[in-house]
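Dear colleague,

I am handing over the structure below. My notes on what was found in it follow.

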Amino acid sequence: MEMEITSMAMSMAMSNVQNGLAVGMLKKTMDSSEQSMEAITEMLDSMPSPDGKGQLLDVRV
């Protein structure tokens with residue numbers, strides 16, 4: 001019985017570590033995606049109009 005409890009506790013601890021690692025990796029991925037999207041948004045903001053006469057429409061409004 002004691003071995004089963006110990007085994008279950010070890011399994012739960014390992015599961016918690018794996019979940020923490022997965023959440024940490026997801027956060028890193030989301031941060032990286034956010035930075036990439038900010039760079040794309042800045043690039044779109046600085047893009048001149050195709051004909052050189054007017055301004056581009058702001059589609060994010």
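Ile40 lies in helix α1, which covers residues 2-45. This is a predicted model, where local features need pLDDT of at least 70, side-chain atom pairs count only at pLDDT 80 or more, and totals for chains, interfaces and linings use all residues. Residues are numbered from 1 along each chain as its sequence is written, and side-chain values use heavy atoms, with hydrogens and water left out.

The protein has one helix and zero strands; helices (H or I, at least four residues) and strands (E, at least two) are DSSP runs, numbered from the N terminus.

Of the 61 residues in the protein, 2% are buried. Buried means under 20% relative accessible area, exposed over 50%, and partly exposed in between (1.4 Å probe, protein chains only). Ile40 counts as partly exposed because its relative accessibility is 38%.

Ile40 also belongs to a nonpolar surface patch with Met37, Met43, Leu44 and Met47, which together have about 500 Å² of accessible area. Patches take residues with over 30% relative accessible area and no salt bridge, joining like charges within 9 Å and nonpolar side chains (Val, Leu, Ile, Met, Phe, Trp, Tyr) within 5 Å.

There is one salt bridge, defined as a side-chain nitrogen of Lys or Arg within 4 Å of a carboxyl oxygen of Asp or Glu. It joins Asp31 to Lys27, with the closest N and O atoms 3.2 Å apart. Both residues lie in helix α1, four residues apart, about one turn of the helix.

Regards

Terms used
Accessible areas come from the Shrake-Rupley method with a 1.4 Å probe; for residues, only the protein chains shown count as cover.
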